[in-house]
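The sequence and structure come first, and the notes follow.

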Amino acid sequence: MLVGILKEIKTAENRVSMTPAGVEVMVQNGHGVLVEKQAGAGSGFDDEAYVKAGAEIAETPAEVFGRADMVMHVKEPLPSEYDLIRPGQIVFTYLHLAAAEELTQALIKSDSICIAYETIQKADGSLPLLTPMSEVAGRMAIQQGAKYLEMAQGGQGVLLGGVPGVDPGTVVVIGGGVVGTNAAKMACGLGAKVYILDMNLDRLRYLNDVMPANCVTMMSSPQTLRKLVKEADVVVGAVLLPGAKAPKLVTKEMLKTMKPGSVLVDVAIDQGGCFETSQATTHSEPIFNVDGVVHYCVANMPGAVAKTSTLALTNATLPYALEIANLGWERALKENQEIRLGANVIKGKVTYNGVAQAFDLDYTPVEEAW
Ligand SMILES: NC(=O)C1=CN([C@@H]2O[C@H](COP(=O)(O)OP(=O)(O)OC[C@H]3O[C@@H](n4cnc5c(N)ncnc54)[C@H](O)[C@@H]3O)[C@@H](O)[C@H]2O)C=CC1
Ligand SMILES: CC(=O)C(=O)O
Ligand SMILES: [Mg+2]
């Protein structure tokens, strides 16, 4: 199979979907790899490194889409790419379709095979291709929260860790999965007062066992949220219902009760966000203000630390990309339950229920899609 590695085009997205080390493994397995010129530059890999690993360099995205059997991105295809996707081509990347109707329609029209990193799921419910980027984004959420609490950034002027004799700040983390746990760990390490909320009692038991004493676990409910957001200096949105739109947990009314200059970091924005007032932002304009509360809603947070993120992401994606390339998409979907759950749109049919529900589209089980 010829695998195409596209250059990312989302604002300030510096990651790349395959490293030269990954190319070498693909080539050893008998596949060709076509890498778009400068695709690895933001992650510290020049074209020469890819050529040494056995790749061919393509001058344009059109060449990659035009020749490759499977195209790989990090982020979702953007409008300039929609018409380049070929019928029957495999598109393997983050898609987050439940929050992206126009993209969903474009992929339906493209007649391609769209496998989303974020819904590939193991039998234990974990999301192996989302996890590494959730680790990055969770850790970054506290860096961003701490930064935007500074007055020069529009914040209220609170140091999250406090100092001897002065109260630390309060961080409320909604969702105790991978993002939430990593955010809470970082906030605890800084010395903040941390609350972490989840709906899953077993998860709260686990967190209660492993987190330091400055982390309090709470069952998530509107009542608890109403109380905690009033006290919060930073709120991190970290919930997920896999493949579906995020629930709006912090309402406009709750926002009005928050301290001016407090900060919301909505990591769940790629699934639509869990604050009612969230709108996706980019690294070039990461924040906006509603009712005096700073909102940070960047949908590709890990792109800002690409040298870490590219390695973490490709460690996880490569074995799946290799399996799809080795087996072809039909066998990969039939034989590998984890990859089958990644199938979101197959030849014009929506094969992920959360996506179909989000836009009131017909849902077709993967087995019936071809
Ligand atoms: N903005 C960005 O750059 C990035 C965004 N993400 C996004 O962050 C979100 C979270 O991802 P993960 O932590 O990996 O998911 P996860 O599945 O590990 O954790 C989600 C947690 O939310 C909990 N939850 C569900 N409903 C809840 C509710 N009503 N109240 C409280 N908790 C609730 C679940 O029980 C689960 O523990 C996803 O939307 C993911 O796509 C991940 C990486 C980067
Ligand atoms: C998970 C995701 O959307 C990202 O890493 O950008
Ligand atoms: Mg994202």
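## Sheet

Two strands are taken as paired if DSSP finds at least two bridges between them. In this predicted model, strand β1 (residues 2–5) and strand β2 (residues 32–36) are joined by 4 bridges and run parallel. One of the residues involved is leucine 2, whose bridge partner in β2 is glycine 32.

Both strands belong to an open sheet of 8 strands with mixed pairing, in the order β3-β2-β1-β4-β5-β6-β14-β15. At its edges are β3 (56–58) and β15 (349–350), each of which pairs on one side only.

## Domains and their contact

The protein chain is split into domain 1, made of 2–120 + 306–368, and domain 2, made of 133–299. Between the C-alpha centres of domain 1 and domain 2 the distance is 30 Å. Domain 1 puts 15 residues into the contact and domain 2 puts in 13 residues.

On the side of domain 1 that touches domain 2, the elements giving two or more residues are α11 (306–327) and α14 (353–359). By class, the residues on this side of domain 1 are 8 nonpolar and 7 polar, with no charged residues.

## Nonpolar core

The largest nonpolar core has 123 residues, and the members that touch the most others are Val173 and Val236. Helix α6 gives the most to this core, namely 8 residues. Domain 1 (2–120 + 306–368) and domain 2 (133–299) each contribute at least three residues to the core.

Which residues does valine 173 touch, not counting residues up to four places away in sequence? Val236 is among them, together with Gly180, Ala183, Ala184, Val194, Tyr195, Ile196, Leu197 and Ala238.

## Ligand surroundings

Ligand 1 has 34 residues around it, of which Ser134, Gly177, Val179, Ser220 and Met301 come nearest. At least two residues of this shell are supplied by each of α6 (131–148), α7 (178–190) and β8 (193–198). The shell around ligand 1 consists of 21 nonpolar, 9 polar and 4 charged residues.

Around ligand 2 are Tyr94, Glu118, Leu130, Met133, Asp270, Asn300 and Pro302. In this shell, 4 residues are nonpolar, 1 is polar and 2 are charged.

Is alanine 358 buried or exposed? Alanine 358 lies in helix α14 and is buried, because 21 other C-beta atoms lie within 10 Å, where the cut-off for burial is 20 or more. Not counting residues up to four places away in sequence, alanine 358 touches Ala98, Ala244 and Lys245. The C-alpha atoms of alanine 358 and lysine 245 are 6.7 Å apart in space, while the two residues are 113 residues apart in sequence.

Aspartate 362 is found in the segment after α14. Aspartate 362 counts as exposed because it has 7 C-beta neighbours inside 10 Å, and the limit for exposed is 12 or fewer. With residues up to four places away in sequence left out, aspartate 362 touches Val350 and Ala356. Aspartate 362 and threonine 308 are 54 residues apart along the chain, with 39 Å between their C-alpha atoms.

Terms used:
Residues are numbered from 1 along each chain as its sequence is written. Chains are lettered from A and ligands numbered from 1 in the order in which they are written. This is a predicted model: local features need pLDDT of at least 70, side-chain atom pairs count only at pLDDT 80 or more; totals for chains, interfaces and linings use all residues. A residue is near a molecule or strand if its C-beta atom, placed from the backbone, lies within 6 Å of it. Ala, Val, Leu, Ile, Met, Phe, Trp, Tyr, Cys and Pro count as nonpolar, Asp, Glu, Lys and Arg as charged, and the others, Gly among them, as polar. Domain bounds come from an automatic or database domain assignment. Two residues are in contact if their C-beta atoms, placed from the backbone, lie within 7 Å. A nonpolar core is a set of buried Ala, Val, Leu, Ile, Met, Phe, Trp, Tyr and Cys residues joined through C-beta atoms within 7 Å.
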